[in-house]
Amino acid sequence: MKHTRLTFAAFVMLMVGLGSSDSLRGIFSPVFSSHFALSATQLGLIVTVSYIGNLVFLLVGGNVIERFEKKKALLALTGIWMAALAVFAFTDNYYLLLAGMFCAMGASTLLNTTLNLVTPLLFASSPAFFVNLLFFTQGIGTSGSQSLLGRYATDIGFWHKTNLVLLALGAAAVLLLAFSTVPGPRADGPHPAKRQSGVLKNRAALPLVFVFGFYFIAEHGVMNWLVAYATSGLGMEQAKASNYLAVFFGGVMLGRLVLSPLVDRLGILKSMGVFGSLSAVLYIAGVVGGAAAMPLWAASGFFLSILYPTLVMSIRLFFPHGQVAGAAGTIISVASLFDILFNVGFGRLVDTLGYGVSIYVLPLAMAAFIITFLAFSRGHGKEQQKN
């Protein structure tokens, strides 16, 4: 039990740091734009490179990670993430920023996914509760950084200082992790390439790719573009726009704490259908309603909160135990293509049509997510997800 607490404490520290790190692109986008004199297309490239990192790390790492002890894998990924933070803290170059984003987001997403898959092994009696509790702590990092840093993110110097703080947090997490016991021994079985081939042949793989892909556009679109849209498209002050972003992810944080017990009760797919539908209604109404409806958009984060961790957990319903990590890596990496294409296209769309028209891509993605998920889940009949 002592080792379980120490391991979970290391996970919590990592998730707080990852949540803070992942949110920085959106918060500092106006700073990057001004400091490096970027167009919307170049600003979008920062986000695009991040998701290319996601794709590469997940596609390769999701299968490779099954061949190694989870503790060693987590330490290695944390080291890569910290190396990227060091690049952010000690350099001042647009191209190095892009390289850092590739490694930081790739390592962060694979870390996030691995922690999601390992945590149920620590707490087999209430896996959904503890997975969502872990993501609640990530929300503390995300929402806290957006609320606090949004007020002070005015120059590149503050960007450097912020990453130094995260670097120290990462070092503390490594120290805890070094003395932890992480479940999930090195897997024996088919070569990663064969397991990946099996993933792609599974009938659930393609629908899950679309579900994750549309979801990524909807959630990450908020993180990466809400502040820029509110300031440039709606004429809001940055502090006010950052507060809406903080409310959205504050709702994500609170929702994971409040709603997570219901996931174990309702089952994975039913929980996704109920809370996904509620979040979609608020999200779409919030964007379509413009400045006056921004509070609805921000409030949608509460019901959206449990969707991603529960989606990742749902993968185990459709794949054999030894294939789950590889399946998660493959599905999420391929779904990252949606993020990449969206951010390339969205930046150009903004340059061409402006934020007022371009922003409607986000509610369309949210609608596509819930429609695709409901159609997919209905096709799988009774809920084996309670097992």
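Biologist: Where is the place of Ala 37?

Modeller: Bear in mind that this is a predicted model. Ala 37 sits in the loop between helix 1 (2-35) and helix 2, and its phi is positive, at about 55°, although the residue is not a glycine.

Biologist: Does Ala 37 count as buried or exposed, and why?

Modeller: The label follows from relative accessibility, where a value over 50% is called exposed. Ala 37 counts as exposed because its relative accessibility is 61%.

Biologist: Which residues make the nonpolar surface patch?

Modeller: The patch, of about 210 Å², is made by Ile 52, Val 56 and Val 60. Val 56 belongs to helix 2 (residues 40-64), and because its relative accessibility is 34%, this valine counts as partly exposed.

Biologist: How should I read the nonpolar interior?

Modeller: The general idea is that in soluble globular proteins nonpolar side chains tend to be buried together. In this model the largest nonpolar core has 122 residues, and those with the most contacts inside it are Phe 32, Phe 212, Trp 297 and Phe 369. Helix 8 (residues 205-233) gives the most to this core, with 17 residues, while a second, separate core of five residues includes Val 47, Tyr 51, Leu 55 and Ile 340.

Biologist: What is Trp 297 in contact with, leaving aside its neighbours within four places in sequence?

Modeller: Its partners include Val 222, Leu 226, Tyr 229, Phe 248, Tyr 283 and Ile 359. Trp 297 is also one of the buried residues of helix 11 (residues 294-304), the others being Met 294, Ala 298, Ser 300, Gly 301 and Leu 304.

Biologist: How far apart are Thr 113 and Ile 332 in sequence and in space?

Modeller: They are 219 residues apart in sequence, yet 9.0 Å apart in space, C-alpha to C-alpha. Thr 113 lies in helix 4 (residues 94-122) and is buried, because its relative accessible area is 3%, which falls under the 20% limit. With neighbours within four places in sequence left aside, Thr 113 is in contact with Leu 58, Tyr 308, Ala 328 and Ile 332.

Methods: Residues numbered from 1 in each chain as written. Predicted model: local features only at pLDDT ≥ 70, side-chain atom pairs only at ≥ 80, totals over all residues. Heavy atoms only, no water. Patch = residues over 30% accessible without salt bridge, like charges linked within 9 Å, V, L, I, M, F, W, Y side chains within 5 Å. Areas by Shrake-Rupley, 256 points an atom, 1.4 Å probe, with all protein chains shown as cover. Salt bridge = Lys/Arg side-chain N within 4 Å of Asp/Glu carboxyl O. Helix = DSSP H or I, 4+ residues; strand = E, 2+ residues; numbered from the N terminus. Buried < 20%, exposed > 50% of the residue type's maximum accessible area, 1.4 Å probe, protein only. Core = buried A, V, L, I, M, F, W, Y, C linked by side-chain atoms within 4.5 Å. Contact = heavy atoms within 4.5 Å.
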